[in-house]
Amino acid sequence: MEVRTETIDVAGGEPVTVTTRATRHGPVVSDVFGRLDEFDSAGVELPTPYVIALRWTALEDVPALTKTVFGLNVARDWDGFREALSSFSVPAQNVVYADVDGNIGYQAPGLVPIRAGGDGGLPVPGWDDRFEWTGFIPYDEMPNLFNPPDGWIVTANNAVVDGNFPYLLTSDWNLGDRATRLVELVAEAEDASVDDLAAIQLDTFNKAAERIRPLFADVPPDFLDPVEQEALRMLVDWDLRNDADSAGAAIFEAAWRRLLEHVTARLPGDLEAGGGARWSRSLASLPPEDPIWDHPGTGAVESREATVQQAFALGVADVVDELGEDPATWAWGELHTATFDNETLGRSGVAPVEWLFNRGPFATSGGFDIVNATGWTPSEGFIVDWVPSMRMLVDLGELDRSMTVNTTGNSGHAYSSHYQDQIEAWRTGALFPMRWDRSTIEADAEGTLVLVPDGS
């Protein structure tokens with residue numbers, strides 16, 4: 001091993017000495033988080049002692065990302081674009097292309113290992129060569145597309161290759177609800193305007209609900225109390241859109257969360273059911289007699305109908321606890337809120353500091369595997385925990401018509417008027433002009449900042 005001792009100076013405290021170790025596969029990470037208690041995925045017996053090392057493409061001898069960025073800045077056509085991306089190493093990305101001549105394209109860049117064995121999903125024995133990296137997928141063989149016949153390209157973390165691709169890119173693709181919905185919307189939008197495309201970015205149609213709602217709709221109303229009956233009626237009439245003001249979305253997501261909670265109880269160990277396409281497709285396809293519908297440890301065998309009814313009742317009770325007993329006042333955005341915590345000081349534990357730097361909560365549309373992808377973790381409630389951090393529409397016919405918005409504002413200064421002035425626009429779908437010409441930039445400028453070298 002390569003062993004290195006480092007001294008870290010600590011402001012207001014004593015220096016800290018740290019010893020780091022590295023193997024031929026990269027830095028030892030088990031010094032930080034410990035050993036694996038169980039390790040039989042590769043069918044080998046663990047030696048004693050052993051360490052866990054991390055081999056990562058970012059730690060290879062690769063070009064700096066700045067080389068790719070500068071190359072993209074001067075690329076003038078598809079060939080120049082692909083040439084620039086050939087030096088892009090990590091992390092692997094989906095990159096789309098368009099130019100003023102009407103061409104469009106897609107390129108998947110990044111170093112993707114070719115492994116002698118395994119798929120990289122679990123640790124493997126590093127003391128033999130059965131799982132070694134034997135090289136990287138050649139750039140010219142990475143997925144790419146130029147001017148497809150349909151005239152559009154959709155990418156939303158869905159699979160970009162099929163079973164005929166000769167290499168393993170990943171086995172962790174999104175199952176494609178967002179991409180499928182985008183294809184539907186783009187195919188319908190002939191001669192789409194900038195406004196049409198802006199509306200597509202904000203689409204909240206819930207394909208998971210399209211699969212799962214029929215299970216709840218079959219709950220016999222005679223077994224429900226008056227509030228639950230009204231909630232069921234509203235769920236059946238719901239337009240399947242997760243808009244912030246939607247009562248139907250609140251009812252569905254609350255009941256769906258409780259149904260996922262039931263599934264989680266059936267999973268081994270600490271595995272957790274998520275709320276996206278994978279789970280909705282799986283549960284919607286299971287027959288009524290599947291054992292997963294039965295509650296473990298009750299001494300009875302519950303039917304799918306009984307389990308779904310219980311999940312619905314528990315979900316409605318959750319909404320009542322949060323929003324009161326009148327379903328007419330319920331709204332998804334009241335449960336599904338986004339709070340923008342400052343990354344540096346927002347979790348300081350000092351209430352006045354957090355009050356100064358954080359913003360929220362804000363009622364938010366969208367959800368899991370929805371085009372307007374505002375995610376939440378079922379085991380932790382409905383609070384938004386990841387978002388589209390910015391939206392952008394580029395008009396290559398007239399660049400000054402391009403539009404954008406980010407989640408907060410352009411300033412990191414908490415007292416600036418621009419610290420949070422884009423939150424409401426981001427939340428509701430408004431966009432701001434992206435100025436390109438010097439004349440329009442100067443005309444719209446609020447002020448000019450001049451940086452003068454010290455001593456000049």
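In this predicted model, Glu184 and Arg181 form a salt bridge, with their closest N and O atoms 3.3 Å apart (a salt bridge being a side-chain nitrogen of Lys or Arg within 4 Å of a carboxyl oxygen of Asp or Glu). The two residues sit three apart in helix H4, so about one helical turn separates them. Helices here are DSSP runs of H or I with at least four residues, strands are runs of E with at least two, and both are numbered from the N terminus. Glu184 is partly exposed, at a relative accessible area of 28%, whereas Arg181 counts as buried at 9%. For these labels, buried means under 20% relative accessible area, exposed means over 50%, and partly exposed is in between (1.4 Å probe, protein chains only). Residues are numbered from 1 along each chain as its sequence is written. As this is a predicted model, local features need pLDDT of at least 70 and side-chain atom pairs count only at pLDDT 80 or more, while totals for chains, interfaces and linings use all residues; side-chain values use heavy atoms, with hydrogens and water left out.

The structure as a whole holds 27 salt bridges. One of them joins the side chains of Arg211 and Asp177 at 2.6 Å, N to O. That pair ties together distant parts of the chain, with Arg211 in helix H6 and Asp177 in helix H4 (residues 177-188), 34 residues apart. Asp177 is buried, at 2% relative accessibility, while Arg211 is partly exposed at 23%. Another salt bridge runs between Arg401 and Asp395, whose closest N and O atoms are 2.8 Å apart. Here Arg401 is partly exposed, with a relative accessible area of 44%, and Asp395 is buried at 14%.

Next, the nonpolar interior. A nonpolar core is taken as a set of buried Ala, Val, Leu, Ile, Met, Phe, Trp, Tyr and Cys residues joined through side-chain atoms within 4.5 Å. In the largest such core, which has 40 residues, the ones touching the most other members are Ile212, Phe216, Phe252, Leu259, Leu283, Phe312 and Trp330. At least two residues of this core come from each of helix H6 (207-217), helix H7 (226-237), helix H8 (247-266), helix H10 (304-323) and helix H11 (332-335). H8 gives the largest share, 11 residues. Leaving out residues up to four places away in sequence, Leu259 touches Ile212, Phe216, Leu283, Trp293, Thr307, Val308 and Ala311 (contact means heavy atoms within 4.5 Å). Another core, of 10 residues, lies apart from this one and includes Ala198, Leu393, Val405 and Ala425.

Asp318, in helix H10, is buried with a relative accessible area of 14%. Beyond four places in sequence, Asp318 touches Arg257 and Arg258. Thr337 belongs to strand E9 (residues 337-340) and is buried as well, at 11%.

At the start of H3, a side-chain oxygen of Asp77 comes to within 3.3 Å of the backbone nitrogen of Asp79.

Finally, an open sheet is built from three strands in the order E1-E2-E3, with antiparallel pairing; two strands pair if DSSP finds at least two bridges between them. Strand E1 (2-8) and strand E3 (26-27) are the edge strands, each pairing on one side only. E1 pairs with strand E2 (residues 16-23) in the antiparallel sense over seven bridges. Within E2, Thr19 is the bridge partner of Thr5.

Note on methods
A polar contact is a pair of N or O atoms within 3.5 Å; within protein, one must be able to donate a hydrogen and the other to accept it, and residues adjacent in sequence count only if both atoms are side-chain atoms.
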